[in-house]
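Visitor: Hi, I have a structure to look at for class. Can you walk me through it?
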Amino acid sequence: MYPNIQFSGYSRLAGMEGEVQLTKLNLMHDELLQEDSIGVISYRKPGEYFHGSMLYDFDELILIIGEGREPVQSIQHLFINGLKCQVLYTTLSCLKGWIIAGEQANIIDYVLEGRMVWERDDRVRLLRQEIIEFNDPLREQKRFHEFSRFLVNYVQGKKAVREGRIIDAYQSVLKALDHWASIELIERGIYPKVHLWVQVQPLDRTIEKLYNELTLSTETLEQRVELVLLACEFSVMSKMEECSSPLFRILGSRREPWSIDELMNHPELKNLQLDLTVVLRKLVYRSLIRESAVGEFRDRGQNRELRYSLL
């Protein structure tokens, strides 16, 4: 971790109106702040408990955000002022990655709902506002990520059915439905949260019906999986081009075709945690983009690089 900054028990806190006042850090020990800390968020609701992959029955969550470029994550369990606390250190870059990828969904909820205890500047507050407003490019990037994960699980489900691995197929299709539900929310301007299906139920009866068909139907497991896969196939065909709009924009930004490596390292794509191989192959198969072999013949005249471009 970073070198500690020692405080006398007080720190500058930017209020909601931008006023700066001296406020006692009564939620943490002085040693918790780090040299590169840019913000501290506290989440606490009396009478409620934390439940999730990282948070279990703590009185308070303290999220300390640093500005380091490299992803950093560290956890401490502390007893502070009579409260059992989980202290999570992370970086702004980690938070941005979680927002797109849907990882650490509980943490994102606490960023949105927690209290800003201290901040050096406006970066954490602006990030929270970006999630709340959920406009492009964040919205577009999030949709592309969810579509990529939907497509991967759909393909894995079909492969598992062909190989007779029905339980594996069921698990893949269930995950595909989660990502499909997220896409439906995103298209309505709603950021998918940890209570995904609570968000979806009032909005899209089709996806909820498919979920119930998969999990509650009296048909055989194989029949249920195959039925939902058919619905997924239609969804793939109808949403593919729109959901892949960031990729289409990049492919059309120059005349020369793109290699897979160039696309994976493009600034707009490299942090989205996409499975670009599956997306590209599906787009080629659906004749939505062009695949071409380019470059000089070499190695016995057989090897050339596959590249991708708009039609």
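Predicted model: local features only at pLDDT ≥ 70, side-chain atom pairs only at ≥ 80, totals over all residues.
Guide: Let's go through the sheet, some helices and the cores.

Visitor: OK, sheet first. How many strands form it, and in what order?
Guide: Five strands form an open sheet. The order is β5-β6-β4-β3-β7, and the pairing is mixed.

Visitor: Which are the edge strands?
Guide: They are β5 (73-80) and β7 (115-119). Each of these pairs on one side only.

Visitor: What is the average twist?
Guide: From one strand to the next, the twist averages 20 degrees.

Visitor: And how do β3 and β7 run?
Guide: Strand β3 (residues 37-43) and β7 run antiparallel, with four bridges joining them. Take Ser42 as one case: its bridge partner in β7 is Arg115.

Visitor: What holds strands together in general?
Guide: Strands of a sheet pair through backbone hydrogen bonds, either parallel or antiparallel.

Visitor: Which helix packs on the sheet?
Guide: Helix α1 (residues 92-101) does. It touches β3, β4 (60-66), β5 and β6 (83-91). The directions of α1 and β6 make an angle of about 90 degrees.

Visitor: New topic: α7. Which of its residues are buried?
Guide: Ile207, Glu208, Leu210 and Leu214 are buried in α7.

Visitor: Why are those on the same side?
Guide: They cover an arc of only 160 degrees around the axis, so they sit on the same side of α7.

Visitor: What's on the other side?
Guide: Arg205, Lys209 and Leu216 are there, and they are exposed.

Visitor: What do the buried ones pack against?
Guide: The buried residues of α7 pack against α5, α6 (196-200) and α8 (221-243).

Visitor: How far does α4 reach?
Guide: Helix α4 (residues 138-162) has 25 residues and spans 37 Å from its first C-alpha to its last. That is close to the 36 Å expected at 1.5 Å a residue. Just after α4, Gly164 has a positive phi of about 80 degrees.

Visitor: Now the largest nonpolar core. Which residues touch the most other members?
Guide: Leu247, Leu263 and Leu269 do, out of 73 residues in that core. Helix α5 (residues 166-187) gives the largest share, eleven residues.

Visitor: What does Leu263 touch?
Guide: Leaving out residues up to four places away in sequence, Leu263 touches Leu247, Ile250, Leu251, Trp258, Leu269, Leu276 and Leu280.

Visitor: What other core lies apart from that one?
Guide: Another core, of twelve residues, lies apart from the largest one. Among its members are Ile80, Leu83, Val87 and Tyr89.

How values were computed:
Residues numbered from 1 in each chain as written. Heavy atoms only, no water. Helix = DSSP H or I, 4+ residues; strand = E, 2+ residues; numbered from the N terminus. Expected span 1.5 Å × (residues − 1). Core = buried A, V, L, I, M, F, W, Y, C linked by side-chain atoms within 4.5 Å. Buried < 20%, exposed > 50% of the residue type's maximum accessible area, 1.4 Å probe, protein only. Contact = heavy atoms within 4.5 Å. Pairing = 2+ DSSP bridges. Axes fitted to C-alpha atoms, helices over the stretch in contact; angles between N-to-C directions. Arc of directions from axis to C-beta.
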